[in-house]
Amino acid sequence: MESPGSRMGQNPAQARTSSKKLLIRPFSTPPQMPDEYFNQTWENELLGAIRAIQDKQPVRFSYEELYRKVEDLCRGNKTTQLVAKLEAECEKHIAKQLKDLEDSTLSQEDFLASIDRIWEDYFSELLTIRSIFLFLDRKYVIHTTYEKNLFDMGVQVFVKRFTASTKVMDTSIKGIVSLIDKDRMGEVIDKSLFKRLLTMFASTKLNTSQLEQSILTVSTDYFRVKSLENLQENDIVTYLRYVERQMSLESERISCLHQSTRRALSVVLEKNLLVNHLSSILAKGFDQLCDETRVEDLKLLNRLFGVADLHDGCEAYSMLRDSFGEYVREKVDQIVSNPEQDDSMVPNLLDFMEKRKVLCEEAFENNEAIADFSKQTMEKQINKRPNKPAEYVAKHIDHILKAGNKKYSEDELTSTLDKLIVLFRRIQGKDIFEAFYERDLAKRLLFDRSASLDLENSMISKLKVECGASFTRKLEGMFKDVDLSTDIMHSFRENRRSAGALGDIELKVNVLTTGFWPSMAKEELKLPRELNDCQETFTTFYLESHKSRVLRWQYGNGSCVLSATFPKRRHLLSVSLYQTLILLLFNKVETLTYKEILAATGLSESELKRALLSLACGRHRVILKQPKGKVVDEDDSFVYNSGFEKPLVHLKINSIQAQSTPEEKLETTETVFKERVHHIDLAIVRIMKMRQMMTHSRLITELLEQLKFPHPIPLLKKRIEYLIENLYIERDPTNQQKYKYLA
Amino acid sequence: MPGYREKDAISLFNKYKEEDVDKIGLDGLERLYGDLSISLDDIVTLLFAWRLNTGTLCEITKDEFLSGLRGMRVCDIRSLKSSIENLRPLIYDQKNFRDFYLWCFDYFRDSRYKTMDLETAKAVWAQLLKEQYTHLDLWLEFIEANACAISRDTYSVFLNFTWSVADDFSGYDDTAAWPVLIDEFVEYARGKLAEREQEI
């Protein structure tokens, strides 16, 4: 007997012996689960279970039974219907809950609490239901084209009903926003409720844009007001710290929401707390922070400005750069442009350079734009004072090279000298520096004031790099001359020892090579016989071995130690040669008038006056002035001070000689200026020769580029006129603004 | 209309020339202009000198006189006078005036020096630019105090200056090619004008 499906039931023995082939065919139509069965199962077991879960009632059947029922239904290909039924049931349930909520008249707080509860319940119910329908979930997922699973479907249902109810949506959002508000005001809120609500919005992907909008609007208003309040009441650092704290607080507050909302809120904060107030912040106390080198606070400022700068159209870093540049400019201007503070100009500049460096490196974290701009501004401002900075840098270096190790350690000195070189690089008018440095070095060498040969040498190597070898060759020549002179003096003494031609005068001569040393004025002094003899003796000696050379004696830097026998005691007086000439006159005569001294010595009036002042009106008055007073006049007369007596034997009356007199300073600068004029003329001729024809403005531009020292335009124009007059160039007859080269 | 006849021209010349040299000197000029009824201060006398291209101040050589008259096609006093009068409008023509003005520098300059001394320069300007430059008085005041001699370049550029710079000196650019003396003048003049305004 055959029946469908019964072929398999055949006796295996029968099968073997029948020798018929065994064919197994599938069902032509798969078996269908009867609808009856489905509905029954659903009604009786599943639905009840679902409802029980939703009502928080105990479930009648065991979870395993229910699970198997679901499996059956699934195997019976009732998945689509099952899902539909499930979905409908969930929707019905949540719709009712939300409607009840809608209809109620709860306070905002209670409303939120209800939403929270509804969602929490729904969520856990969904999980339970899903565990019952797990098989469906798996089979559903595999067999359908949707990529959702049951859980997602449940959530979607929730979202659908929640969104459909405008009242629920609006009230929830308002409620959340008001919680934020309260928290900001400092009121106590239920933080975990708040977080849960946000998580609900985030994880269900409920209409986040509306929530986001509301949060942003409220935040904008809040911070717009708060920022102004805070800005007015607080100083700059307090405000910045307030901003920083707020930013982290707010970020923390909505950390459950999506990144884009968090980012949007940050933007609102940054805009209202920072971007809109950048200039006020800077005006509040930026300068003071820089003044007091408050690195940590400036770091904070820098950080926050960095954040603000990322906003479109916000030029926070540019503002910072400009503010800092302005600060630098002002400070440098204060240091450099007040002639009464010239003596402290260089130390102040060095300190300020250090400060700028620290601020740029540490506070502004090596921001290139800020560092470069401030450096340039500093340089520009230093050079707004023409020529003087160069002079004072030279002076300061002189000071250090004289003081040497007495006050500072070797390292300190080296680092200070390095810093001075850096400053030097920034200054225009290096020719002034060179002139003064040379003169100061000359004085140091001739008066033996160098503290350390090592330092001098290291300076020279540094200067070689900055000024070129032609300049340092001169300096090196000066050192050599001094060394050589020592040797020469040695030979001189050896030679003359027996002859004793000098009598009891000890002579030391420095032979200086012209060209290495700064120029010294020609003088026609009237030396007393003894000194003249010394001079002659030496000259003869020297020229014996150097026949082709010419010696020209310079007296300005000469000094003597005189043995002075006063009635009360003897003294040794260290005096300049000029002073010596004057004093020796009193060997013969007790009183002399100004005019007599002038005639007898051949000194210039200004030098004479200065020398007489130092001898008659200073600390050690070896001669007395009549009439008494602090100024030397032509009608004065001077008298030997027979009552002179001081506790120490050895007295220095020539200490100012080692310093530069105002005339010397003026002369140095004048020489440099003359050189410059010469350079300008050469440059003009050179340029014109090359171009043959040029407009005035082009010429000026070229000159400004080529000439490295400060050169005001009127000076350039004067030189151009001079060259026109002397027929090097001419004006173009057709165009007054053009020049032509005249061959 | 009389043209040029060498004979008449020569006799005219002889009437005014110096006794023993062939040139009309200061004395002769005085008489000449007296006869022409032209004041010696009149600018046309200079224009005449310019036309004749006389080399030396207050002198006219025979050649200069003759070739000048030949050029003007006159040889008697009356037509000479009207020709000279006809020179007057030339000062209103820019190009001619410029040539004349530049010629005056060399004419009045002491030929031993490259520059013109201050007194002469002042006189020349006073005469030539009398009606032509509004601030002539300020300029003369200024250079009296601030300059020692006037170079040809300054003299020449000054004319351009009077022509091209506004009366209130607006738009004057001191970084342009104007000589430094003129830059300083502008500063001086501006100050003076401001003072005058305040007084009003």
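Student: How do the residues of the lining of the second largest pocket divide into nonpolar, polar and charged?

Tutor: Good place to start! In this predicted model, residues are numbered from 1 along each chain as its sequence is written, and chains are lettered from A in the order in which they are written. Local features need pLDDT of at least 70, side-chain atom pairs count only at pLDDT 80 or more, and totals for chains, interfaces and linings use all residues, while side-chain values use heavy atoms, with hydrogens and water left out. The lining divides into eleven nonpolar, nine polar and ten charged residues. Here Ala, Val, Leu, Ile, Met, Phe, Trp, Tyr, Cys and Pro count as nonpolar, Asp, Glu, Lys and Arg as charged, and the others, Gly among them, as polar.

Student: Which residues lie nearest the centre of that pocket?

Tutor: First, the idea: on a 1 Å grid over the protein atoms alone, a pocket is an open set of points where a 1.4 Å probe fits, with protein on both sides within 12 Å along at least five of seven lines, and lining residues have an atom within 4 Å of a point. Of the 30 residues that line this one, Lys430(A), Asp431(A), Glu434(A), Glu675(A) and His679(A) lie nearest its centre.

Student: Which helix gives the most to the lining?

Tutor: Helices are DSSP runs (H or I, at least four residues), as are strands (E, at least two), numbered from the N terminus. The answer is α27(A), with eight residues. α20 (430-446), α21 (453-467) and α22 (469-496) of chain A are among the others that each supply at least two.

Student: Now the interface: how many residues does the contact take from each chain?

Tutor: Contact means heavy atoms within 4.5 Å. Chain A gives 13 residues and chain B gives 15 residues.

Student: How many salt bridges does the rule find across the interface of chain A and chain B?

Tutor: Look for a side-chain nitrogen of Lys or Arg within 4 Å of a carboxyl oxygen of Asp or Glu. The rule finds two across this interface. One of the salt bridges joins Asp183(B) to Lys717(A), with the closest N and O atoms 2.5 Å apart. On the side of chain A that touches chain B, the largest share, seven residues, comes from helix α29 (residues 713-725) of chain A. That side divides into four nonpolar, four polar and five charged residues.

Student: And how many helices and strands are there in chain B?

Tutor: Chain B has ten helices and four strands. Its C-alpha trace spans about 65 × 35 × 30 Å along its principal axes.
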